[in-house]
Amino acid sequence: MFMTRFSFFLCFSFFTLLFLHSQSAIGSVSVYLSPNILFPNYQNMLKSFRIYIYTPARPLSFASPVESLFFSSLQNSPFVAQNPEEAHLFFVPFASGISTRSIAHVIRDLRMDFPYWNRTLGADHFYVSCSGLGYESDRNLVELKKNSVQISCFPAPEGKFVPHKDITLPPPVYSLSAHPPRNKTARYRGFVKHNGVKESALINDLRNASDFLVEAEPSDEKTLADRLASSEFCLFEYGADISGIGKALHFGCIPVVITDHPMQDLPLMDVLRWQEIAVFVGSNSLNISGLKRVMDRTCEGDTSEGMRKLGAAASMHLVWNEMPEPYDSFHMVMYQLWLRRHAIRYARREWL
């Protein structure tokens, strides 16, 4: 059962205090893009937001746990409207792995059986697909791809994500343990999970550097927590397994993300100021000397300590709970949908 209104008020007050504390820690910098809008707008979402879920033709199965968790959380949430006339958005459910032809049939049936798709050509509809949709010639798929909001997994498949329209689900961090004691002087300058990056000359150089730790998946969560808490930076490569970003932020390890292009599919991009909690570097001509220079610049003054505090605050929004809690991943994804609820509605007679 979702929390009571009184509990929501307490949580709202807590996060307001957290925001004010984060600002006072490093001047006027906030981890949120629009903090003065976020908190009251979030409360309006809780009171007003309604979503109609079309009934799927057969039971759904999803390829990833985070897709399943989002769908089950949505089904059991107070956001669900029984009357489609009350809905701001409409959820189009289809299973992972079905063919594009089958998806086109789903949209065709919605077009024929309900009036809502034709009012906006799908602009007030959304769906979940970690594999994403490409550009197809079928009219139903074209409208779904161009107009409807796609909720992808992070990182989104290349060429199958439309920035500013689509959303990514935060990586599946299901719980965050308590902070282990953080060393004043970190044992490691940087920590690299071997299974989270590709083999490269840079990784080979880091293996030979005494102040970097490169290893495979730690044997247990406690060991991983110790690695993260005792490292200044955690290295990730975009396109590989970067699901550990949330945990790195929680334990005070500043993420350093290697990417060849601007990242437009980061989770909660409508909410968080990622440039204040992570470092992004290009892979072209990157070597260990260049990487250390980036880290040195980040450590100038109080910059790195401020990033750690903001990162810890941000990590609370990247947690998935079996029973959703205020301001967690599920609610932040819902908030991004809430921001997309305004769609141009065409007069229905235009489509008769």
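Colleague: Let's start inside the protein: how many cavities of 30 Å³ or more does the structure hold?

Modeller: The structure, which is a predicted model, holds 2 cavities of that size.

Colleague: Which residues line the largest cavity?

Modeller: Its lining is made by Phe154, Pro170, Pro171, Val173, Ile245, Gly246, Pro267, Trp274 and Leu318. By class, that lining has 8 nonpolar residues and 1 polar residue, with no charged residue.

Colleague: And what lines the second largest cavity?

Modeller: Around the second largest cavity are Leu249, Gly252, Cys253, Ile254, Pro255, Ile277, Met307, Arg308 and Gly311. Two elements, β9 (254-258) and α11 (303-315), each give two or more residues to this lining, and α11 gives the most, with 3 residues.

Colleague: How does that lining divide by class?

Modeller: It divides into 6 nonpolar, 2 polar and 1 charged.

Colleague: Now the open space. What volume does the largest pocket have, and which residues lie nearest its centre?

Modeller: The largest pocket has a volume of about 420 Å³. Its lining is formed by 19 residues, and those nearest the centre are Thr55, Pro56, Ala57, Pro93 and Val106.

Colleague: Which helix gives the most to the lining of the pocket?

Modeller: That is helix α4, residues 100-113, which contributes 6 residues to the lining of the largest pocket. Taken by class, the lining of this pocket has 13 nonpolar, 3 polar and 3 charged residues.

Colleague: Changing topic to helix packing: at roughly what angle do the axes of α2 and α12 cross?

Modeller: The axes of helix α2 (residues 35-48) and helix α12 (residues 329-339) cross at roughly 90 degrees and come within 10 Å. Angles of 65 to 115 degrees count as roughly perpendicular, and the two helices are therefore described as roughly perpendicular to each other.

Colleague: Which residues make that contact?

Modeller: On the α2 side they are Ile37, Leu38, Asn41, Tyr42, Asn44, Met45, Leu46 and Ser48, while α12 brings His331, Met332, Met334, Tyr335, Trp338 and Leu339. The contact of α2 with α12 has 10 nonpolar and 4 polar residues, and no charged ones.

Colleague: On to the backbone. Where is there a cis peptide bond?

Modeller: A cis peptide bond joins Phe154 and Pro155, with omega at about -5 degrees. Pro155 belongs to the loop between β4 (149-153) and β5 (167-169), and Phe154 is also among the residues that line the largest cavity.

Colleague: What about positive phi values in residues other than glycine?

Modeller: Leu121 has a positive phi, near 55 degrees, and Leu268 has one near 60 degrees. Most residues other than glycine have a negative phi.

Colleague: Where do those two leucines lie, and are they buried or exposed?

Modeller: Leu121 is in the loop between α5 (116-120) and β3 (125-128), and because its relative accessibility is 15%, under the 20% cut-off, Leu121 counts as buried. Leu268 is placed in the loop between β9 and β10 (279-281), and Leu268 is buried too, with a relative accessible area of 1%.

Colleague: Last one, Lys146: buried or exposed?

Modeller: Lys146, which lies in helix α6 (residues 139-147), counts as exposed because its relative accessibility of 55% is over 50%. Lys146 and Tyr135 are 11 residues apart in sequence, and their C-alpha atoms are 8.7 Å apart in space.

Notes:
Residues are numbered from 1 along each chain as its sequence is written. This is a predicted model: local features need pLDDT of at least 70, side-chain atom pairs count only at pLDDT 80 or more; totals for chains, interfaces and linings use all residues. Side-chain values use heavy atoms; hydrogens and water are left out. On a 1 Å grid over the protein atoms alone, a cavity is a set of points where a 1.4 Å probe fits but cannot get out, and a pocket is an open set with protein on both sides within 12 Å along at least five of seven lines; lining residues have an atom within 4 Å of a point. Grid points are joined across faces, edges and corners, and a volume is the space filled by probe spheres set on the points. Ala, Val, Leu, Ile, Met, Phe, Trp, Tyr, Cys and Pro count as nonpolar, Asp, Glu, Lys and Arg as charged, and the others, Gly among them, as polar. Helices (H or I, at least four residues) and strands (E, at least two) are DSSP runs, numbered from the N terminus. Buried means under 20% relative accessible area, exposed over 50%, partly exposed in between (1.4 Å probe, protein chains only). Axes are lines fitted to C-alpha atoms, for helices over the stretch in contact, and angles run from 0 to 180 degrees between N-to-C directions. Angles under 35 degrees count as roughly parallel, over 145 as roughly antiparallel, 65 to 115 as roughly perpendicular and the rest as oblique. Contact means heavy atoms within 4.5 Å.
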